[in-house]
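Good morning, and thank you for coming.

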Amino acid sequence: MRLSEAIRLGAMMKPQGFEYLLQGGHTCALGAAADACGLLETDLLLHHTLQGEARRRFPILRDFKDRWCPEGCAVSRVGVEGVILHLNDSHRWTRERIADWVETIEGWQREDDGVTDDRRCVVSVAALPE
Ligand SMILES: [Zn+2]
């Protein structure tokens with residue numbers, strides 16, 4: 001499952017929240033993705049970022065390039081994850097709209113290397129030390 005798909009699926013499971021992955025039964029965009037994968041009960045709740053298994057599951061979250069906010073803010077964000085959090089918390093984009101944006105990045109990545117996300121995921125997991 002790609003990150004954009006996980007966000008959409010998780011958005012159907014709980015109402016949207018802000019600033020936290022999970023708070024009071026609400027999830028942010030990344031929390032929704034974790035929820036869709038059954039990862040909300042793991043190691044990620046202390047931070048407003050996904051950790052461990054979630055990063056292995058979604059290689060796109062290991063993109064640490066500076067990226068510009070699609071709303072045109074003057075400050076760049078670190079990585080796809082930074083933009084997602086910013087769109088969720090600062091611009092209050094719906095998670096469906098955030099998923100649409102993530103999908104555009106996923107499309108570029110596929111064109112970049114010609115490898116499908118599923119294969120990328122398998123290769124990434126095998127390459128990571130436990
Ligand atoms: Zn912005």
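**Where the two helices meet**

In this predicted model, Leu-3, Ala-6, Ile-7, Leu-9, Gly-10 and Ala-11 of α1 meet Ala-29, Ala-32, Ala-33, Asp-35 and Ala-36 of α2. To meet, or be in contact, is to have C-beta atoms, placed from the backbone, within 7 Å. Helices here are DSSP runs of H or I with at least four residues, strands are runs of E with at least two, and both are numbered from the N terminus. The residues of this contact divide into nine nonpolar, one polar and one charged. In that count, Ala, Val, Leu, Ile, Met, Phe, Trp, Tyr, Cys and Pro are nonpolar, Asp, Glu, Lys and Arg are charged, and the others, Gly among them, are polar.

How do α1 and α2 pack? Their angle is about 90°, and their axes lie 7 Å apart. The axes are lines fitted to C-alpha atoms, for helices over the stretch in contact, and angles run from 0 to 180 degrees between N-to-C directions. The two helices are therefore roughly perpendicular, a label that covers 65 to 115 degrees.

Two notes on conventions are in order. Residues are numbered from 1 along each chain as its sequence is written. As this is a predicted model, local features need pLDDT of at least 70 and side-chain atom pairs count only at pLDDT 80 or more, while totals for chains, interfaces and linings use all residues.

**Burial and the core**

A residue is called buried if 20 or more other C-beta atoms lie within 10 Å of its own, exposed if 12 or fewer do, and partly exposed in between. Seven of the nine residues of α1 are buried, so this helix is largely enclosed by the rest of the structure. Those seven include Ser-4 and Arg-8. For α2, eight of the eight residues are buried, so α2 is also largely enclosed. Just after α2, Gly-38 takes a positive phi of about 70°.

The largest nonpolar core has 26 residues, and those with the most contacts inside it are Ile-7, Ala-29, Leu-30, Ala-33, Ile-84 and Ile-98. Such a core is a set of buried Ala, Val, Leu, Ile, Met, Phe, Trp, Tyr and Cys residues joined through C-beta atoms within 7 Å. Helices α1, α2, α4 (79-89) and α5 (95-113) each supply at least two of its residues, and the largest share, six residues, comes from α2.

Beyond four places in sequence, Ala-29 touches Ile-7, Ile-84, Asn-88, Arg-95 and Ile-98. Ala-11, with 22 C-beta neighbours inside 10 Å, counts as buried. Beyond four places in sequence, Ala-11 touches Ala-32, Arg-95 and Glu-96.

Turning to α4, Glu-81 is found in that helix. Glu-81 counts as buried because it has 24 C-beta neighbours inside 10 Å.

**The whole chain and its confidence**

The protein chain comes to six helices and four strands, in the order α-β-β-α-α-β-β-α-α-α. Of its 130 residues, 31% count as buried.

Where is confidence lowest, and where is it highest? The score is pLDDT, the predictor's confidence in each residue, from 0 to 100. Its mean is lowest in α6 (residues 117-127), at 40, and highest in α1, at 97. Over residues 112-130 pLDDT stays under 50. Where pLDDT is low, the predicted coordinates should not be read in detail.

Definitions and conventions: Angles under 35 degrees count as roughly parallel, over 145 as roughly antiparallel, 65 to 115 as roughly perpendicular and the rest as oblique.
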